[in-house]
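Open the model in your viewer and get ready to select residues by number. We will go stop by stop.

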Amino acid sequence: RFTALADALSTVLTALERRAPIQEALAAAEEAFAAIREHGRKRDRDTEIRAAADAVRLARWLAAPEEPAATLAESSTRMLRSWAWADRALASIARADTGRVPALAHVYAALWDRARDRRAGLDAEFAGKYAAWTQASSASDDLLLVENLLDRIARPVAEQRPPVIVILDGMTAAAGIE
């Protein structure tokens, strides 16, 4: 079943490289993953199944076009809603145990390279927007910053019930969503 998933993901990667229609290849990867999930001994393979799920998620993410973000606020929102999940999935497939199915090692590595390239481009785009915003010393009502956390979040919540605010400095978004 994992070999079938490796084959299906390989087909997805080939379609991405050739910029060919991808829906059929993605459907085959989804079916291969469903077969893994439905297996009777799946409890014995939790970490392998998690990595497989993350690989399929990355394949879907790579297949979806990513329009450039117009603003820093939009980039920040995408970081939390999409890119951080991709980062977590990248970490998952990077540390996946593929010893039983060597074909997965090659596919996960190729998938990692492709997704990492996309993330690097998105990071560069974000960095450019952030540098311009910082250089202009811009304030933004669109961005949730420590400086405006009380006004935008705590006070409105406090009108209904006492809020609990926890700020974790230095944590990546990928670690936070996990």
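Predicted model: local features only at pLDDT ≥ 70, side-chain atom pairs only at ≥ 80, totals over all residues.

**Stop 1: α1 and α3**

Select residues 2–18, which form helix α1, and residues 46–63, which form helix α3. Their axes come within 11 Å and cross at roughly 20°. Angles under 35 degrees count as roughly parallel, so α1 is roughly parallel to α3. The crossing of this pair, α1 and α3, is left-handed.

Now show side chains. From α1, Phe2, Leu5, Leu9, Val12 and Leu16 make the contact. From α3, look for Glu48, Ile49, Ala52, Ala55, Val56, Ala59, Leu62 and Ala63. Colour the contact of α1 with α3 by class: 12 residues are nonpolar, none is polar and 1 is charged.

**Stop 2: α2 and α3**

The axes of α2 and α3 come within 10 Å and cross at roughly 165°. Are these helices roughly parallel or roughly antiparallel to each other? Angles over 145 degrees count as roughly antiparallel, so α2 and α3 are roughly antiparallel. The crossing of α2 and α3 is left-handed.

Pick out the α2 side: Leu26, Ala29, Glu30, Phe33, Ile36 and Arg37. They meet α3 residues including Ile49, Ala52, Val56 and Arg60. This contact of α2 with α3 has 10 nonpolar, no polar and 3 charged residues.

**Stop 3: α1 and α5**

α1 and α5 pack at an angle of about 30°, with their axes 9 Å apart. The crossing of α1 and α5 is left-handed.

On α1, select Phe2, Leu5, Ala6, Leu9, Ser10, Leu13, Leu16 and Glu17. On α5, select Ala103, Leu104, Val107, Tyr108, Ala110, Leu111 and Arg114. By class, the contact of α1 with α5 has 12 nonpolar, 1 polar and 2 charged residues.

**Stop 4: the core**

In soluble globular proteins, nonpolar side chains tend to be buried together. Here, the largest nonpolar core has 39 residues. Which of them touch the most other members? Select Leu5, Leu9, Val12, Leu58, Trp61 and Tyr108.

Zoom in on tryptophan 61. Leaving out residues up to four places away in sequence, Trp61 touches Glu66, Ser82, Trp83, Ala86, Ala115, Arg118, Arg119 and Leu122.

**Stop 5: buried or exposed?**

Select arginine 88, in helix α4. Is arginine 88 buried or exposed? Its relative accessible area is 6%. Buried means under 20%, so arginine 88 is buried. Leaving out residues up to four places away in sequence, arginine 88 touches Arg50, Asp54, Arg57, Ala174, Ile177 and Glu178.

Next, select aspartate 117, in helix α5. Aspartate 117 has a relative accessible area of 60%. Exposed means over 50%, so aspartate 117 is exposed. Draw a C-alpha to C-alpha distance from aspartate 117 to proline 68: the two are 15 Å apart in space and 49 residues apart in sequence.

Finish at proline 102, also placed in helix α5. Proline 102 counts as exposed, at 52% relative accessibility. Proline 102 and alanine 25 are 77 residues apart along the chain, and their C-alpha atoms are separated by 21 Å.

Definitions and conventions. Residues numbered from 1 in each chain as written. Heavy atoms only, no water. Axes fitted to C-alpha atoms, helices over the stretch in contact; angles between N-to-C directions. Helix = DSSP H or I, 4+ residues; strand = E, 2+ residues; numbered from the N terminus. Parallel < 35°, antiparallel > 145°, perpendicular 65-115°, else oblique. Left-handed = near helix turned anticlockwise from the far one by under 90°. Contact = heavy atoms within 4.5 Å. Nonpolar A, V, L, I, M, F, W, Y, C, P; charged D, E, K, R; others polar. Core = buried A, V, L, I, M, F, W, Y, C linked by side-chain atoms within 4.5 Å. Buried < 20%, exposed > 50% of the residue type's maximum accessible area, 1.4 Å probe, protein only.
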